[in-house]
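Q: Could you walk me through this structure? I have not looked at it before.
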Amino acid sequence: MRHFLRPGWILLFLLCSLRGRSQDSASIYVNQILQPSADSVRTNAIHRLVALRDPSTFPLLMAINDKKLYLLDNKAVTTDSKPSGDGNYRLYTVYPTYQLLQNSSGQPLLLPPGKLTAVDIPRADRLALVGIAPLLNLFSNDVQKRMLAYSQVGNLQDQSTLQLVAAAVNRETDENVQRIGREALYAARLYAAKDETNAKVYIDSIALNWSDNAATLLTSYSKEKAFSPAAGSYALAKASRLEKKYDNLQRIQNLFSGLSLGSILILIALGLSIVYGLAGIINMAHGEFMMIGAYTTYCMQLVFGHQAGDWFYVAALPLSFISAGIMGLILERLVIRHLYSKPLESLLATWGISLILVQTARLIFGDLTAVKTPQLLAGGWQVAPHLTLPYNRIFIIVLTLVMVLLTYLMLFKTKLGLQIRAVTQNRQMSACLGVETRQVAALTFFIGSGLAGLAGCAITLIGNVVPDMGQTYIVDSFLVVVTGGVGKLAGTIVSGLGIGFFTKISEAFFQAVYGKVFILLFIMLFMQYKPKGLFPDKGRIAEE
């Protein structure tokens, strides 16, 4: 028996008893809130729970603060901040555990608020939660609320507050929020450190954690709150290293942005290059085929509705190619076929057609529409802290690679590709050898316009859909074609990537407008020395 009467066991027994009493008290206060015998009893219970600061009661207090506390079969529940569809919300129990309610099939239980019994808490009682609201948000199911809460918690030198923050960090599932929470804990312990060794340990922890505010925090500590000059110098050196690492990652981010911009330019210019090389047509309406592909994607979103998930975009990819291709085929049959090898006349005619298409789109769809990003492409791949590669831009790069590969196979591995290259080299000789040059030109125009439509579908992932969106890219597309060499696949790829990279690199040093001017000046100088582009044409157009 003496073994069980040791001081350690007695202390453990007392702690367990206190914790059990705390939970019992919380249960009593929760019952008094849900089923009060009088208003004063409910008011007292809320104040007692606020003073108790038991994390198990935080979901209940959050529901009170958000005016979303309900009863379902005598259970205290709350709802999501947004409906899951058709006005129905997912439900969560708030005490003694916080968990998602499921139906008999194991799926989330969805109900409208009208089928729940609301627990009305007067505003005067809710005001008691103002001081503890940031702590409540640390345990919220909303990522943005949790992220913001760490900057609102206040004095972390208070041990009870520090323990709650530590508990919130330990249960955190989002890596970015957890990084912010760890920084708050390390900073509090750094400011409280009275020993140089401990101060350096927490400085190292902040540097390794490396949240967005780490360099600023360490710089501020070194100048104002350092325990000693040595600790301040150590913190300043760590901050300087973090800033250099951040600058290097920003360069990588700019290179990736240049790669994605170059991919878009390649996808748009690919069809323009083929058409220009084969027919000698300056198609100013090429950007509007891109616009047609974007509006096809928007129409698919309307047809499928919100319940279809990402399937609308899967359907839009081939349909944007087909719809833009058909429009290009119609344009070729009605107008372009009469203007082959007439650059000036084709430029004026297609420019007029582009104005007609832009105004038609404005009359039908208005000035501004948008396509929601498919859920699969939302977010990004976090390669390292402060370096996230968006999934939508990765998809555009992959789509461009696939289309370049398919275009290459079509041009160099099929009979149609052989005929296109033959007509591009010498139309008259090809006709003499039995090639249907008009049919080849029509199919080429269909493919070129379809590629522009596919580019429009891709661009909806990174921008709004507007009637004149094609005019934003048409000049850059012509620059890609001219710089790379007319009708040259390799030239289009190299030129598109080069212009994309140079654009993003110049924007890092200049404003966007001045960066564009710099690119134009560079291309003008380049064309003085290479007037036929990187890969000069050696066929019919070169001879003429």
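Q: Which residue lies over the face of Tyr 234?
A: Lys 200 does, at 5.3 Å from the ring centre. A charge sits over a ring if NZ of Lys or CZ of Arg is within 6 Å of the ring centre and within 35 degrees of the ring normal. This is a predicted model, where local features need pLDDT of at least 70, side-chain atom pairs count only at pLDDT 80 or more, and totals for chains, interfaces and linings use all residues. Residues are numbered from 1 along each chain as its sequence is written, and side-chain values use heavy atoms, with hydrogens and water left out.
Q: And which ring does the charged end of Lys 245 sit over?
A: That of Trp 210, 4.5 Å from the ring's centre.
Q: How many aromatic pairs does the structure hold?
A: There are eight aromatic pairs, counted when ring centres of Phe, Tyr and Trp (its six-membered ring) lie within 6.5 Å; planes under 30 degrees apart are stacked, over 60 edge-to-face and the rest tilted. One of them, Tyr 295 with Phe 365, is stacked, at 4.2 Å centre to centre and 15° between the planes.
Q: Where do these two sit in the chain?
A: Tyr 295 is in helix H12 (residues 286–304) and Phe 365 in helix H14 (residues 343–365), 70 residues apart. Helices are DSSP runs (H or I, at least four residues), numbered from the N terminus.
Q: Is Tyr 295 buried or exposed?
A: Tyr 295 is buried, because its relative accessible area is 3%, and buried means under 20%, exposed over 50%, partly exposed in between (1.4 Å probe, protein chains only). Phe 365 is partly exposed, at 25%.
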